[in-house]
Amino acid sequence: MKVPFNKPPICGGEIENIRTAISSGPLQGGGKFMGVCESLISGFCAGRPSLLTNSCTASLEMAAMLCDIKPGDEIIVPTYTFVSTVSAFVLRGAKPVFCDIRADTLNIDETKIEELITPKTRAIVPVHYAGVACEMDTIMDIAKRHNLLVVEDAAQGFFAFYKDKPLGSIGDLGSLSFHGTKNVVCGEGGALIVNMETAPNRNVSATDRANFIREKGTNRIHFLKGKIDKYTWVDLGSSYIPSELSAAFLAAQLPHTEELTRKRVEAWNFYKEALAPLEKKGLIKTGCIPDSCRTNGHIFYIITESEKRTKELADFLAKREISSNSHYVPLHTCPMAKQLGCPDVKLPVAEFSAKAMLRLPIHSYISKDELEYVCESVEAGLK
Ligand SMILES: Cc1ncc(COP(=O)(O)O)c(C=O)c1O
């Protein structure tokens with residue numbers, strides 16, 4: 001049996017929506033489907049204003065501008081994350097300060113954040129790995145006491161919760177991804193969730209400024225709303241607005257968010273239960289979901305005792321046509337971190353976890369037979 005790692009969801013209304021978008025006319029950003037997506041996303045994110053973007057990377061770049069990050073500012077980030085979490089801030093001249101992660105969730109270790117704060121620190125960027133929330137109460141408390149901004153990288157966190165709060169809606173800003181590998185998709189896409197009133201260091205609302213930044217630094221939003229008869233250059237910005245075709249595709253998926261997530265969580269629970277005996281024997285560790293968290297089942301991973309054992313297991317699974325994947329290379333060990341002059345630190349939990357972890361196939365359409373076959377194969381591969 002061939003088991004693919006991922007199958008992007010197709011909900012049925014995508015082609016119809018795209019046909020409607022084409023026959024309605026303008027295909028650039030700012031159309032009817034973008035509005036539909038934004039009101040649905042806001043609904044999923046505690047009613048916060050949301051701006052549809054080209055990607056989570058775009059949302060993070062917008063967030064860095066909106067936070068008014070300047071050269072020399074520092075941001076605290078988990079080392080175990082995707083490049084975009086950090087590069088968005090590095091583009092503004094910030095220096096990343098890498099924090100180790102927790103062994104149980106692979107999220108930023110909130111107990112290690114405070115010791116990394118300096119007078120230059122401006123923001124903390126927690127990443128909700130695998131759709132499991134970081135310890136947000138602690139992080140928000142640290143931020144409040146030290147007057148720092150919090151930008152949630154919720155690329156994997158759409159429709160996952162921390163103490164019943166949707167991920168992406170807790171910090172000052174949140175960024176979501178609708179990339180083809182995520183739970184709800186449009187190929188390439190994302191959103192910025194705005195949870196601050198006034199833009200830092202500006203006399204303008206944060207949502208207005210986010211709109212300027214998304215539209216190449218212009219106030220086109222005011223033009224579209226009929227407030228001005230000609231739009232002009234007012235701010236920093238770039239081209240972060242998605243085409244109406246992407247929005248049309250996403251608008252067909254968002255109404256199915258609950259169902260797509262439920263199926264993914266069922267698969268996650270199946271793995272957790274079926275692999276429990278191996279975990280009891282100490283052969284593997286699987287991801288933990290703290291009581292404060294409700295996951296969206298984005299990733300199911302196992303961690304073996306060593307890099308070698310994980311590699312052998314991945315090869316064994318590949319021979320059985322099961323696709324599995326490792327994940328990030330800790331960013332503090334990457335060439336770019338060296339180029340930026342980041343100190344040569346040891347972050348042992350991230351360094352070990354990155355080498356010894358393996359993600360198993362998971363998506364909304366994975367069958368019970370496939371899940372059973374993967375679990376049997378993991379067991380056989382570890383014998
Ligand atoms: C934690 C994290 N942040 C950001 C991104 C970037 O998302 P996008 O591909 O939508 O730009 C990813 C991509 O998977 C990610 O895993």
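Strand E8 (residues 173-177) and strand E9 (residues 190-194) run antiparallel and are joined by 5 bridges. Helices (H or I, at least four residues) and strands (E, at least two) are DSSP runs, numbered from the N terminus. Two strands count as paired if DSSP finds at least two bridges between them. Across from leucine 176 sits alanine 191 in E9. In general, strands of a sheet pair through backbone hydrogen bonds, in either a parallel or an antiparallel way.

A word on where this comes from: the model is predicted, so local features need pLDDT of at least 70 and side-chain atom pairs count only at pLDDT 80 or more, while totals for chains, interfaces and linings use all residues. Residue numbers start from 1 along each chain as its sequence is written.

Back to the strands. E8 and E9 belong to an open sheet of 7 strands, ordered E1-E9-E8-E5-E4-E2-E3, with mixed pairing. Strand E1 (50-53) and strand E3 (95-99) sit at the edges with a single partner strand each, so one side of each has no neighbour in the sheet. From one strand to the next, the twist averages 25°. Helix H2 packs on this sheet, where H2 touches E1 and E9, and the direction of H2 makes about 130° with that of E1. For such angles, axes are lines fitted to C-alpha atoms (for helices, over the stretch in contact), and the values run from 0 to 180 degrees between N-to-C directions. Contact here is a matter of distance: two residues touch if their C-beta atoms, placed from the backbone, lie within 7 Å.

There is also an open sheet of 3 strands, in the order E10-E12-E13, and its pairing is antiparallel. Its edge strands are strand E10 (285-286) and strand E13 (357-360), each of which pairs on one side only. E10 and strand E12 (residues 300-303) are linked by 2 bridges. Threonine 286 faces isoleucine 302 in E12.

Now for the helices. Helix H2 (residues 32-44) packs against helix H8 (residues 244-253) at about 45°, and their axes are 8 Å apart. H2 and H8 are therefore oblique to each other; angles under 35 degrees count as roughly parallel, over 145 as roughly antiparallel, 65 to 115 as roughly perpendicular and the rest as oblique. H2 brings Phe33, Met34, Val36 and Cys37 to this contact, and H8 brings Glu244, Ala247, Ala248, Leu250 and Ala251. By class, that makes 8 nonpolar, no polar and 1 charged. The classes work like this: Ala, Val, Leu, Ile, Met, Phe, Trp, Tyr, Cys and Pro count as nonpolar, Asp, Glu, Lys and Arg as charged, and the others, Gly among them, as polar.

Helix H11 (residues 307-319) and helix H14 (residues 368-381) meet at about 130°, with their axes 9 Å apart. H11 and H14 are therefore oblique to each other as well. Leu313, Phe316 and Leu317 of H11 make the contact with Ser377, Val378 and Gly381 of H14. This contact has 4 nonpolar, 2 polar and no charged residues.

H3 and H4 pack at about 35°, and their axes lie 8 Å apart. On the H3 side the residues are Cys56, Thr57, Leu60, Glu61, Ala63 and Ala64, which meet Ser84, Thr85, Ala88 and Phe89 in H4. The contact of H3 with H4 has 6 nonpolar, 3 polar and 1 charged residues.

In total, 14 residues surround the ligand, and the closest are Ser55, Cys56, Thr57, Phe82 and Ser177. A residue counts as near if its C-beta atom, placed from the backbone, lies within 6 Å of the molecule. The shell around the ligand has 4 nonpolar, 9 polar and 1 charged residues.
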